[in-house]
Amino acid sequence: MLLKVPYLLFVIILRFPNSGSVQYKKSTVLISVLVRNKQHTLPYFLSNLERINYPKDRISLWIRSDHNSDESIKILNIWINSVTNQYHSIYTEFEDDDKTYMGELGVAHWTDDRFEHLMNVRTEALNFARKIWADYIWSVDADVFIQNPDTLNYLISKNVTIVAPMLQSEGLYSNFWFGMTEDYYYMRTKEYQPIVQRKNISCYSVPMVHSCVLIDLRKDESDYLTYKSSEIENYNGPEDDIIVFALSAMKNGVAMYICNEHLFGYITVPLEENDDIDMDIEHLLNIKIEALNQDSALYVKDDLETFVKQPKKDKLFFDKILMINLKRRPDRRERMEKCFDELGLEVEVFEAVDGKLLNQTFLETLTFMPEFKDPYHKRSMKLGEIGCFLSHYNIWNQIVANNYEITFVLEDDIRFESFFISRLIKVMEEVLKFPNWDLVYLGRKRLQDKDEPWVKGTQFLVEPSYSYWTIGYVLSLNGAKKLIDAKPLTKLVPVDEYLPILFNKHPRDNWKNYYPERNLIAFSAAPLLIYPTHYTGEEGYISDTEDSIIISDNIIYKDDL
Ligand SMILES: *[C@@H]1O[C@H](CO)[C@@H](O)[C@H](O)[C@H]1NC(C)=O
Ligand SMILES: *[C@@H]1O[C@H](CO)[C@@H](O)[C@H](O)[C@H]1NC(C)=O
Ligand SMILES: *[C@@H]1O[C@H](CO)[C@@H](O)[C@H](O)[C@H]1NC(C)=O
């Protein structure tokens, strides 16, 4: 009897050695992936999926692929082989007997069979996750690129039954709706845009999330969720997997959330009815360019790189495509070169004149326009602006020296609009119908609000009014000659004042008087195809011209900014 008490204590101490610091394992997650004809997106999709910051031994993968007419299954198998031992388990079902559905007219044609198959397969994934007691199911489509590795942890931390990370895309497309019509289709609302553009940042309860959805299966209300209309009582909506799912949630009072508190990644725009697979590849390109525009990039791991096809490089209509780049900004050059690789543009780098390195002796050879005052800052030209002018001036000289008939000039802090190449081709086809033209703006800042007249007989060209920026323009040989013959170094103004003076749309007559020949024939693409990466005053804006030293009356002093 006396012996028993210490013995019991001993047992208790052995059994709970560290009761204060128990580490729970992460919740178990089944990631379900459906793949069809996605050989172009899969290398990016899978590489990003693998980078998700979550213990792989707590993740099960459920991957289904069928009705392919491309190499999707091959790519999936290669990837799966490379990660097999890392994930807790991988369930696959690959079928390559049927390439299409009966009666299917193209990749963007949704037959009843195709919808039904999708509803069945999604429901199968959901039920499979329930059966293996997964805590969560994360259903991620193969055209989603999760760039932020903490996305899954973040979604789980929200502790709601249905949640999706807001994904970026082309224009205003995203993976949620803010409104739903009475017959359960997309409804435009005023709340949508500020959420997509992240002017409002939070998690929002919405009637629809899709393409990348986390469901907490531990919450009993999740039992009502389904993608199959036959499992919903009195279902009267369309036979469409995402709408059925949204209605199964709505009818059972399960809220769906979309969160935009961080940048999570991208999603491609879905195809329209008559699109073909090439359009899907175009949409992917738009996403890749958009990522580069935002100083990011779609990641692809080495093993899958062979499946990524890059276009052949071409100069299109141009004798030369020249990008102005300061030697001390290799970062910008590198980002732009990645864009050119994706777009298939053969571009030469043209070394910019660095205003900061200009010496007094050289500056004394320039003559500034006496009236010139920077109208916004009310001060004289800055060294950066002088360097910028000289960079463009040197290009114009090179054009003339080499007799380049058509030259595309770009700066290196720009972003390309979606479908850049096909739109550029349309613009140039119109321009080249004119026997006489000198300059075409592809990007600019309009300074006057009044309507600009369309260039007669064109769909994509306007006559530009007073505008700033020289971020991207096309110049003819004749145009380059006019810009040089006007002798701008003898009455210097910033280059984005100079161009409107020469095409005679500058509002200040006293400035114009210094340049009696103002006959530059200028067009502008409408809509524009190029924008700056950052606007003045926006967060992250660093301009090589704005923060440099200013010069006044040939005396150099430090900018007070
Ligand atoms: C998660 O939400 C439920 C209510 O849905 C709540 O009871 C629970 O305490 C929450 N858990 C955490 C960790 O916040
Ligand atoms: C977005 O922000 C505006 C301004 O703060 C606010 O009025 C509006 O209600 C917000 N929208 C949503 C959906 O919360
Ligand atoms: C000043 O700059 C000019 C042009 O860049 C150059 O040719 C010249 O050698 C420089 N002079 C001095 C004193 O550094």
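**Exercise 1.** Which residues does Lys 38 touch, not counting residues up to four places away in sequence? Then decide whether Lys 38 is buried or exposed.

*Solution.* Keep in mind that we are working with a predicted model.
- Step 1: Find the residue. Lys 38 sits in the loop that runs between strand 1 (29-35) and helix 2 (42-50).
- Step 2: List its partners. Leaving out residues up to four places away in sequence, Lys 38 touches Asp 70, Ser 72, Ala 142, Asp 143 and Asp 280.
- Step 3: Check the cover. The relative accessible area of Lys 38 is 12%. Buried means under 20%, so Lys 38 counts as buried.

**Exercise 2.** Which residues form a negative surface patch, and how does Asp 98 count in terms of accessibility?

*Solution.* 
- Step 1: Pick out the members. Glu 95, Asp 96, Asp 97 and Asp 98 form the negative surface patch.
- Step 2: Asp 98 belongs to the loop between strand 3 (89-94) and helix 4 (112-131).
- Step 3: Classify it. Asp 98 has 44% relative accessibility and therefore counts as partly exposed.

**Exercise 3.** Now zoom out: what is the make-up of the chain in helices and strands, and how many positive and negative side chains does it have?

*Solution.* 
- Step 1: Count the elements. There are 15 helices and 25 strands in the chain.
- Step 2: Look at burial. Of the 561 residues in the chain, 53% are buried.
- Step 3: Tally the charges. The chain carries 62 positive and 85 negative side chains, and 5 Å separates the centres of the two sets.
- Step 4: The C-alpha trace spans about 110 × 75 × 45 Å along its principal axes.

Note on methods. Residues are numbered from 1 along each chain as its sequence is written. Chains are lettered from A and ligands numbered from 1 in the order in which they are written. This is a predicted model: local features need pLDDT of at least 70, side-chain atom pairs count only at pLDDT 80 or more; totals for chains, interfaces and linings use all residues. Side-chain values use heavy atoms; hydrogens and water are left out. Patches are made of residues with over 30% relative accessible area and no salt bridge: like charges are joined within 9 Å, nonpolar side chains (Val, Leu, Ile, Met, Phe, Trp, Tyr) within 5 Å. Accessible areas come from the Shrake-Rupley method with a 1.4 Å probe; for residues, only the protein chains shown count as cover. A salt bridge is a side-chain nitrogen of Lys or Arg within 4 Å of a carboxyl oxygen of Asp or Glu. Lys and Arg count as positive and Asp and Glu as negative; His and the chain ends are not counted. The place of a charge is taken as NZ of Lys, CZ of Arg, CG of Asp or CD of Glu. Helices (H or I, at least four residues) and strands (E, at least two) are DSSP runs, numbered from the N terminus. Buried means under 20% relative accessible area, exposed over 50%, partly exposed in between (1.4 Å probe, protein chains only). Contact means heavy atoms within 4.5 Å.
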